[in-house]
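Dear colleague,

Please find below the structure that I am handing over to you.

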Amino acid sequence: MTMTYTLTTPLYYVNDKPHLGSTYTTIACDALARFQRLEGNRVTFITGVDEHGQKIQRTAEAQQLSPQKHCDLITKSYQDLWNRWGISNDRFIRTTAPRHKTLVDEFFRRVEASGDIRIGHQTGWYCVGCEEYKEEPTDAISPSCPIHQKPLEWRDEQNLFFRLSRFQTEIEDLIAQTDFISPASRRHEIQNFVSQGLKDFSISRVNVSWGLPVPDHQGHTFYVWFDALLGYLSALLDDGGPVELDRLNQSGWPASIHVIGKDILRFHAVYWPAMLLSAGLPVPKRVFGHGFLTREGQKMGKSLGNVLDPNDLLDKCGVDALRWYLLRDFQFGDDGDFQQQRFTDLVNNDLANTIGNLLNRTSSMARKWFNESIPSKISSPQEKHLLAVKAEDTVSIVRNGMASLEFKQSSEAILKLAIEANVYLNEKAPWSLMKKPGNEQEVANDLYAVLEACRLVGILLNPLLPDLSERMLKQLSIEIDPIDWSKDLCWGGLISGDPLPPPSPVMEKLELSDPL
Ligand code: MSP
């Protein structure tokens, strides 16, 4: 059954150019979006940038640029990066887009009409890096943000507040549903936070000029998070039609999933659903908070000088290598440590040796002995081929795994199929069989089965490594556009007699002598 599937990355702050962290989230979402399309669903994959707020205002000032000029430059670097990485997003939302302002105004009026806005006094310690008030800092004299290691700033001002406290029961019920927040550990963290009692939060600022003005409240601009979360809705309505909240239900709302880092879970799993409920709109179906990447055991940061630049990585290693490492080695949900040696080892062993060589040597043998084409098999009507049974298992593990964002398990299952095909080939040793007369048909059957396993590996890799997948399928003379997992994953898709092109390696080995 065709489903509508809307998924989002966070809308990234444009205070600096993209780094490996934002690339990680975006690659994972891209794999998920591609998987959902292969399953025949109507996908809207949203990403974009969060361009307002004091953090951006100050960064622009420090560079003596107007905030808009600064945003234009950094936003372009995000768009260029996602193009270079082949990210398949359907929408890219900028929160400085004029359409977005129209939506924010309409949304605010709804929330105000529900009686969920009040004037209040806000005092507290604020971190501009997080764009967030911090609760009870441990050092009350000169407190600093544990994430940004920068002093917190004292604020004392009149703000508009959103009455979050009114939504205590609804939010408790929502997060009690086991599939709303995942992984489970993060659900518990949020349940703990909510059980302490929800407090109203301020949604306007009086000292930030770089923000959207609050209608009928002169001098107030919207708090950047109130504005940014609404970007998801603006992105969905960016389909050529008018910006009207009433159109959301035909445009792919509610989102099937928001994929975010664990740092911004509260905003997505508590504040955001309450805002939507107040506006009379459905809440997202799922929020997934993934873990953080470190590098060789250390937090990545400018001060440590150990930031991995995704453009640089792309130049030196290529798309497939990095996607494979991030999706195959890190449990999505847990923290992960980027280690150059392991990165190189996995790419070379898994992709160049296990998968690449398997295809290469099998295709060479088939070409040599069977007229440069896919050999003709004779299959037994009673018995399924051993590799066909293994492939069937793999297909079901991968389909279930990808649907639950288990990229690691899915990648490992695909790799295991390639390992099993290698073992099969080595045990059957067609190079010895072919030396004796009368074994031709057996060798043809064996090579067909291994090539068929390669075809399935190629198709299963498609959402994870679209480029490598395409090279593999080309090597097997397969042109399916678009691939459809409901049809193309059945055993026996290769057509005997189809020509096999001269093989060339589908994956180059990584040779990184210097630190990245
Ligand atoms: N602008 C807000 C999000 C608003 S969404 C309506 C924001 N932006 S951000 O640029 O700081 O991006 C945060 C996201 O980047 C994290 O949630 C996570 O997805 C990703 N990462 C940033 N650093 C990361 C790591 N070191 N490791 C993994 N992902 C991290 O917050």
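The notes below begin with the basis of the values and then turn to the ligand and the rings.

This is a predicted model, in which local features need pLDDT of at least 70 and side-chain atom pairs pLDDT 80 or more, while totals for chains, interfaces and linings use all residues. Residues are numbered from 1 along each chain, and side-chain values use heavy atoms, without hydrogens or water.

The ligand is surrounded by 22 residues (a heavy atom within 4 Å), and L11, T25, D50, D263 and L293 are the closest. Among the polar contacts (N or O atoms within 3.5 Å of each other), a polar side-chain atom of D50 lies 2.7 Å from a ligand nitrogen, and a backbone N or O atom of Y13 is 3.0 Å from a ligand oxygen. The protein covers 90% of the 660 Å² of accessible area that the ligand has on its own (Shrake-Rupley method, 1.4 Å probe).

There are 24 aromatic pairs in the structure (ring centres within 6.5 Å; planes under 30 degrees apart are stacked, over 60 edge-to-face, the rest tilted). F162 and F167 are stacked, at 5.7 Å centre to centre and 15 degrees between the planes. W253 and W272 pair edge-to-face, with 6.0 Å between centres and 70 degrees between planes; both are buried.

With kind regards

Note on methods: A polar contact is a pair of N or O atoms within 3.5 Å; within protein, one must be able to donate a hydrogen and the other to accept it, and residues adjacent in sequence count only if both atoms are side-chain atoms. Buried means under 20% relative accessible area, exposed over 50%, partly exposed in between (1.4 Å probe, protein chains only).
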